[in-house]
Number of protein chains: 2
Amino acid sequence: MSVSPTEKTARTGHELDYLCANAIRVLSMDGVQKAKSGHPGMPMGMADASYVLWKVFLKHNPADPAWPDRDRFVLSAGHGSMLIYSLLYLTGYDLSMEDLQQFRQWGSRTPGHPEYGHTPGVETTTGPLGQGISTAVGMALAEQYLATKFNRPDFPVVDHYTYGICGDGDLMEGVSHEAASLAGHLKLGKLIFLYDANKISIDGSTDLAFTENVSQRFEAYGWHVQEVNGHNMAEVEVAIAQAQTETERPSLIVARTHIGQGSPNKVDTAKAHGEPLGDDEIRLTKHALNWPNETPFYVPDEVVTNMRRAVETGARQQEEWEVMMGRYREAHPDLAQLWDQMMARALPKDWDAVLPKFEPSEKGLATRAASGQTLNALAPAIPSLLGGSADLHGSNNTMIKGSPAIQADAFDGRNLHFGVREHGMGAIQNGMALHGGLIPYGGTFLVFSDYVRPAVRLAALMGVQSIYIFTHDSIGLGEDGPTHQPVEHVASLRIIPNVYVVRPADAPETAVAWRIALEHKDGPTALILTRQAVPTLDRGTDANQLTPADGALRGAYVLRDVENPQVILLASGSEVQIALEAAQLLADRQIAARVVSFPCWELFEKQDGAYRESVLPSQVTARVAIEAGLPFGWERYVGSSGNVIGVETFGASAPYKELYKQYGLTAERMADAAAALM
Amino acid sequence: MSVSPTEKTARTGHELDYLCANAIRVLSMDGVQKAKSGHPGMPMGMADASYVLWKVFLKHNPADPAWPDRDRFVLSAGHGSMLIYSLLYLTGYDLSMEDLQQFRQWGSRTPGHPEYGHTPGVETTTGPLGQGISTAVGMALAEQYLATKFNRPDFPVVDHYTYGICGDGDLMEGVSHEAASLAGHLKLGKLIFLYDANKISIDGSTDLAFTENVSQRFEAYGWHVQEVNGHNMAEVEVAIAQAQTETERPSLIVARTHIGQGSPNKVDTAKAHGEPLGDDEIRLTKHALNWPNETPFYVPDEVVTNMRRAVETGARQQEEWEVMMGRYREAHPDLAQLWDQMMARALPKDWDAVLPKFEPSEKGLATRAASGQTLNALAPAIPSLLGGSADLHGSNNTMIKGSPAIQADAFDGRNLHFGVREHGMGAIQNGMALHGGLIPYGGTFLVFSDYVRPAVRLAALMGVQSIYIFTHDSIGLGEDGPTHQPVEHVASLRIIPNVYVVRPADAPETAVAWRIALEHKDGPTALILTRQAVPTLDRGTDANQLTPADGALRGAYVLRDVENPQVILLASGSEVQIALEAAQLLADRQIAARVVSFPCWELFEKQDGAYRESVLPSQVTARVAIEAGLPFGWERYVGSSGNVIGVETFGASAPYKELYKQYGLTAERMADAAAALM
C-alpha cells in the first residue's frame, strides 16, 4: 500500500495542490460510476503528475483551444479519458459539469475515449494504444519545422512544447517504438512525455508480459530519461523543468505511480483499471482522501478557483503572442502572409495552374512517376505540403527535388525520411496534420498499407487531411511476388469510411488525383499508383478523342462514349487501358461499348442521382468491370447481371506482363465477357 | 572500401570456406542479373556469416526438410532470397541449378521473396519486413513449449535452435519490437539472430533515419548482444557458439557487414541493394574475388563437395534422432502417441463429443462467452491448442481455466500473455503454427485486427492454421466508442483470400465456428464474437424450431423457413436475432420470410451451385441483409434488387441498445425494407 495523497499533502505542504489532484480523482471515479463503465484507475494514478503539468507548465488558453502556439497535450492512454475531461472542466474549457455527468452517453461531449473535434481541448483521438505518443511525435516535428520556417530574432512565432501521458500499453505497441526511434533521431527536444508506470495492465501485473527496461530502451533511442515518484508533485515539477532544459533530446519521465491511487482496496490492482469502483469503494476512497463531501461530482470552490486561473493566464499569454504577431506582420509581412496561408492550409489563388500537362503517349509513364512530377510542380506553390517515404523515396517518387532531407540539424529541408516505419509514418502524419500548418504525405508500397492501416483509420475518424502515396498497386509490380503484390488492398481501403481512395488511369488523372487530395480537407486520401508505365491517353474535346481527365473529380466518368451503348466497361487505374482495348475489340464485333473510368468510389457516391444515372444508365445492365485486384464490392456497380474480372487469389513472382496474362486481365477476356452478356 | 574477402581468406587461411562464401555471392549476383531484378547486396554482405552458420552450426537434413527436430532458419530480410536459395542448392536440398536460373520467373521454385510451401527448406514466407524475426520468436516459443512437454532424461525429443538473419529494416519495424520484447521476457535462449548491420537501406545510409543504439535496445529487452565483424568467419563462429551457451537469453549477434561485399564499385552503397549489379560490375567483382571462371552460375566442384557434406551429416543426425525416438516410444508410449497426434495436428477420434451443448435461452449469452466455454471444453481433448490474448484475456474469454500462465520459468502452462502487442501476437502465432505441433490462437478486440492484419495476410498466403479470437465485434460493444467499434473490419477480413471469417449467431453456432477453425488446416480462421449477450436460439428438428447450428458448416443455411418464401432475410452474428424478429413482423403482415444465417462467406462460396441455389433461390429477388457493420460486399448476395442495412459510418460512444436504435439496426426497419421490395 502506498503513502496516501493526504499524508503526502501534509508532508509537502501543498494542501491545495493535492486537493486539486483529488478533485480529478473524484470526478473520474464519479464519472465512471455514473456511466457504469470506464476506466477510473489511470486518472487516479496520474492525477498528481498531470495536475503539476497543467498547473505549472502547460501554456494554453481555455477560451481559445485553437490558439496556434499553445502547448499540445496528448493523452495517449486514452482510456483514461476522465482525466482529460476533468482537467478541461476544471481549467475552464467549454465543458460543463453536465457534460462530465453525461460521460459515455449518446450525443455527449465526453465519449468513452477522447475524440478530436468532439471535445474542445482534445488534440487528437486516442484509445488505440501507441497512437497518441506516435501522433505527438508528428506534432513536435511540425512544431520544429514551422519554428525553423517562421521564427525570427525576437519573434518566437512557433515556440511550444508537445506534452503527453502514455502508459505501459502504449509502450508495448510497435508503433510507439517506430515513432520514438525517429523522434530520438530527429532530436525533438520539445517533446516531453510522462510515462504512467503503474505496473498494471488489464490482465494483471505487467510482470506477466512486459519486463523490459523501458528507460534503457528510450536511452537507446536517444531520449532523455528521468525516473520519479509520480505522486510526489515536487519531483514531477523538477523533472518537467529539467526536460524543458534538455533541448537536444525528447524526454521521457518515468513516473512510478499506483493505479487507482487513493482507493483503499483497489489501488495497485487490475480491478481499478477498466470498471467502476462501486459505490462502497468510492465512499471509502473519498474518506481516505479526506474529501469534504460525498455528493457525487462535488468539487470544492477553491479547487475551481485555483485551476481556473488558467483562463486568465492563458488569455494573457495568447494576448502577448498576438501583440508579438502584430509586430511580426510589420517586420516580416511576407512571412506573416505565408503563415496565414499555411495555417489555413489554403490553396493559393490559381495554384492549379502549376499542375503539369501530360502529352498523349502510347508509351506513357507510370502513375507513380506522374505523381512525382505533380508533387514537384505543386511543392513550390503549396508550402504546407510536407512529407516523405518509409524508405522508398525512389520507388514512391516522393522526393521534392532540390530540397534537402530534414534532419536533426536541418529542419529547413522538405523531404522526410521516415525509415522502414510505415505505421509510425501514418501516425506522425496525423500529428503533423493535427498540429496545423501542414498537409502531410507519406509513401510506401500499397501492400504495406496494411501496416499503416490503424493510423489511416484514425485520420478518417478524426477527419484530418493526410495523403498516402501508395505505389506498386497490383500484381503489376511483377517479380517481387505475392508478399509485395496487393490484391485486397484497394478494396480494403475503400471500406474505411471517409477515406478517398483514388486510383488514376494515367498521368492526367494522376494530376487530378492530387487535386482531389488537396481539396479533401476533412479526411485522408490514398493515391493508388502503378509501378509500371501506362499509356497517357489522348484526351480532349474532339470527337475522336477521349474525354478530359477532369471527369475524375466526380469519381467516375464516361471516358469513351458511343451512341446507344449496349455494354458498359468499368475500370480503374492501369486496367482502364485494357477496357479501352476491349471496347475496340467489341466495336470490331459491332457491339457498342461505353468505357467508364472509375478512379474514386467515394466521390462517385457523393454525386447526385442524375449524374450517377448519366454515367451508369439503369437500362444498360450488361456491365463488366475489371480491376487487378479482388472483385470484392464491384457488384455494387455491375449489378446482378454484370460481371467482374479480377484477381481472386494472391499473386505470384514473375514479370508483370506474364502475370496479367496468367491471371486473365486481358482485353480479349473482357470483350468476351461483355459479349457473353449480350 | 573494406578489406576484400580474398585478402581475409589469405589472412585466415580458410581458403575453401571463403570460396564457398564467394559461391553464394556469385550465385546471388548471377541470379539477380539473369532475372533482371532482385537484391544482390544483402546476400553478398551476409555470405560469410551465413556460410559459418550453415556449415558449422545448422542442424538440418537436406533430404528431409520436415524433420521435426531440425534447427529452424528464418531469413527475415527476405529480399535477400538468393542467399537462402544459394544455401539450399549448395547444401543439397531438392533445388537445382535450373531452379536458381529461373529466379523470379512464372512457375519457378525461386520466387522474388522466399515462400513457405513453395521451396523446400524455406521455413516461412518473408519479405514484409519485421515479420520474419517475429515469426521466429513463435518458433522458438513452440520449441521450448514442446521440449518442456515431451523431453525426458536421455530423450531430447525437441532440442533445436531457431536461427535467423534480420536487417536494419526488420529492426525499424514495430512488430519486431513487440516480438523481441516478449522473447526477452520469456527468456527464449535458443533463439539466435544475426543482425546484418550494413548501415544501408533503400534510401541510402541508415544515418538518414535510424541512429538508435540497437545493441542497447536489445539489452533492454533482456537479450544477449554481441558485436562482430560479419566478414570474419572466426569471429562469427565464436559468437554463435557463445550465443548457444547463453541459455537464459535470446541472442542478437550484431554483424557489421558491407552490403554488396566484393563488388569494387557498389559495395557499401544503396546501389547494391535492390537491382542487378550489371554485367560489367559482376565481371569486376568476380575478378576481385579471384573467382576461377566468369561463366554465369559457375561454381567450383570443391564448393559443392564441401557444402553437400550437409546431406550426409544431416542424414546421420536425423537417423540418431529417429533411433532415440524409437527408444522413446518404448519408454514413454503415451507421450510418443501424444507427440504423433500433436505433430499431425490431428483431432482425436470423437473429439467433437466434448463440444458444449447450449440450452435455448432468451437471455442467452455473448458469443465470446460461448467461445470461452467451447475453448475450455476442447482444451483437454486437443493438446495442440495453445494461445492467449493481447492483454485482454478476461474480455476475449481466452483463458484456459485451471492452467497457469506460460512464463520464462514455467512452460508447462497453457495460457500465453502476449502483452499489448497484437501485431507481434499474430506473427508469433504464425511461427508457432509453422514450427509444427501446435494450433495457435490469439485474442484481441476486433477493431485491433487492423494491427494484426499484416500477420493475418501472411498466415493466409502461407496457408497455415492460426485462429484469431476477435471479440467486441461491432457497435454492440457500446460505451468505448468509435475507436473501439469495428464497422469495416468484418468486411475487410473477408477480403483477404484464404481467411475463414466466421461470425456465429449464437452459442451453438459458436461451437460450430470452433469446429470450422479446427478443421481449416490450410489457412487461418477469424472468429468474430460479440461482447453483448445474444439469445441462444431454440433449434432442432421439430417444425416449430429453428434448424440446427450445424448448417453453419456450409457457411450459410436456412435458419427459419416458410413455404414459398417471398423474401429472404440474411444476417450474421448478433443481427440474426433481428432478422428473426423481422420475419415475425413480416408474418404479421402476411409476408412469408425466410431467414438465412450467414456466418461464413468463404465456406458458402465453396458449396456447390445446387446448395447455394437452395439457400438463395434465384427467383426470390426480394432480399434484405443486415449487419452491424458496413454493407460493403453484401450486394453479392442480395443482388441489384435487394437492400442492405448496415452502419455506413463510424460508431459512437453510448450504451449499445441506444446505438442499435440510433443506427437503425432494428427489426422494424428490416421488415419495412423487406415489405418495400414486395
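Predicted model: local features only at pLDDT ≥ 70, side-chain atom pairs only at ≥ 80, totals over all residues.
I would like to begin with strand 2 of chain A, residues 162-167, where six of the six residues are buried, so that the strand is largely enclosed by the rest of the structure. Buried, here, means under 20% relative accessible area.

As a general point, side chains in a regular strand alternate between the two faces of the sheet. In strand 2 of chain A both faces are covered, with A:Thr162, A:Gly164 and A:Cys166 buried on one side, and A:Tyr163, A:Ile165 and A:Gly167 buried on the other.

Which strands, then, pair with strand 2 of chain A? One is strand 1, residues 72-75, which runs parallel to strand 2 and is joined to it by four bridges; within that pairing, A:Val74 stands opposite A:Gly164. Another is strand 3, residues 191-197, which also pairs with strand 2 in the parallel sense, here over six bridges, and in this case A:Cys166 is the residue that stands opposite A:Tyr195.

Let me turn now to the two chains. Chain A can be laid on chain B by a turn of 180° with a shift of 0.0 Å along the axis, and the RMSD is 0.0 Å, which is the relation of a two-fold axis. In chain A, the C-alpha nearest that axis belongs to A:Gly174, and lies 1.8 Å from it.

Finally, 100% of the interface residues of chain A are also interface residues in chain B, and therefore the copies meet through the same surface.

Key. Residues numbered from 1 in each chain as written. Chains lettered and ligands numbered in written order. Heavy atoms only, no water. Buried < 20%, exposed > 50% of the residue type's maximum accessible area, 1.4 Å probe, protein only. Helix = DSSP H or I, 4+ residues; strand = E, 2+ residues; numbered from the N terminus. Pairing = 2+ DSSP bridges. Least-squares fit on C-alpha atoms with pLDDT ≥ 70 in both. Contact = heavy atoms within 4.5 Å.
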